[in-house]
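Subject: Structure for your review

Dear colleague,

Please find below the structure that I am handing over to you. My findings follow it.

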Amino acid sequence: MTESSLPVAVWVSSFAAGGTERQMVNLIRGLDPTLFAVHAACFEARGPWLDAAAERAVSIAEFSIHGFARPATWRQVAAYARWCRRQRIAAVITSDFYTNVFGLTGAAMAGVPVRIAGRREINTDKTIPKLLLQRGAYALSQRIVANSRAAAARLRREGVRADKVRVVSNGVTMPNAIAPRVPASMTRAIVVANLRPEKGHDVLIDAMAARPELRRLQLDFAGDGPCRANLEARARRRGVADRISFLGERGDIPALLDRAHLFILPSRTEALPNSVMEAMAAGLPVVASRTGGICELIDDRVTGILVPPGDAGALADAIVRTIADPVRAAALGAEARLTISARFGMSGMVSGFTDILLAELHRRDVTLSSHLPVPASGRR
């Protein structure tokens, strides 16, 4: 931060090991401190990404809530609005449903001049009250940043004006240069995803049981979530429990990718999954569902293999074909790495947000002189 940097708040629900959290923490760390004094706002100041955010954020402000139906939540919104005024926040960036509703409402109450919403999923399972809250939050923003063309298209189908939407793709930090890997045999695969219904782990378990050629394939599930017990039971019923390791939340994903021969993501719906990007950046061949933003990452049979979502038979066939030809699989992984390096670097994500911030601040004539911090003697 310098004396000429504008105060900006970046919202994230918590600092858990999720894709949205990782992107927002990287944004906090990546925004130019000569332009912006970045504050992190959250509902819970905990999780493995907290220290990384704290290294660069001017402050971390926590506003604990337990649902929007409670009066205490709206007292917290008022407290957050006071915080925005006290810090003279010039712009707010939110990231998902809850941070959109809370963060944009409080920012509007405080008169924050630039309010940028986020859309990072394409799920259609929200209740009517949630949809109404979401629509109200979007109305309080000047721009909505979608992390994929698929998410932008979903916004348009929900009635958001196209000229209000901007697409800034997720970014990934490229690992060090690696030589293409051609294993003698492909015996270990990995899925990195929270154990939730939309991620399709159940489909993969059924696929593992469907073909005898997959009996030698060991599968790691990295991630945790509400479906874990049901998935473990399903693996036992299908007779594949001895071939699937439920690893839980892990902080060593690069090492797990390095030991794997294949990455699989059988999601039913996705916006732009960080896990696929990281696997491609690591040079792994990927088999994934043909859904949402995955199709923006993978060119079928060039940088990975795409299959219909929810189709265990097609998924099993694709995995069998991929592990049967390690040379071809290595070529897919090498091409995937080139694609990620060229199109989805972390610097591109940060630059996209920077351009939007500067354009919106300029459009509203926001300058440092209009957002000088309040002297300590004048704070309450």
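How many bridges join strand 12 to strand 13? There are 3 bridges, and the two strands run parallel. Within this pairing, Ser289 has Val307 in strand 13 as its bridge partner. Strands here are DSSP runs (E, at least two residues), helices are DSSP runs as well (H or I, at least four residues), and both are numbered from the N terminus. Two strands count as paired if DSSP finds at least two bridges between them.

Please note that this is a predicted model, in which local features need pLDDT of at least 70 and side-chain atom pairs count only at pLDDT 80 or more, while totals for chains, interfaces and linings use all residues. Residues are numbered from 1 along each chain as its sequence is written, and side-chain values use heavy atoms, with hydrogens and water left out.

Strand 8 and strand 11 run parallel and are joined by 2 bridges, and Ala189 stands opposite Leu262 in strand 11.

Leu265 has Ala288 in strand 12 as its bridge partner. From strand 11 the chain crosses through helix 10 to strand 12, in a β-α-β crossover that is right-handed (with the strands pointing away from the viewer, the path from the first strand over the helix to the second runs clockwise).

The salt bridges

Side chains of opposite charge can pair when their charged atoms come close. With a salt bridge taken as a side-chain nitrogen of Lys or Arg within 4 Å of a carboxyl oxygen of Asp or Glu, the count comes to 24 salt bridges.

One of them joins the side chains of Lys199 and Glu270, at 2.6 Å from N to O. This pair links distant parts of the chain, 71 residues apart: Lys199 is in the loop between strand 8 (188-192) and helix 7 (201-210), and Glu270 is in the loop between strand 11 (262-265) and helix 10 (274-281). Lys199 counts as buried at 12% relative accessibility, and Glu270 is buried at 7%. Buried means under 20% relative accessible area, exposed over 50%, and partly exposed in between (1.4 Å probe, protein chains only).

Arg268 forms a salt bridge with Asp202, with the closest N and O atoms 2.7 Å apart. Arg268 lies in the loop between strand 11 and helix 10 and Asp202 in helix 7, so this pair ties together parts that are 66 residues apart in sequence. Arg268 is partly exposed, at 36%, whereas Asp202 counts as buried, at 18%.

Kind regards
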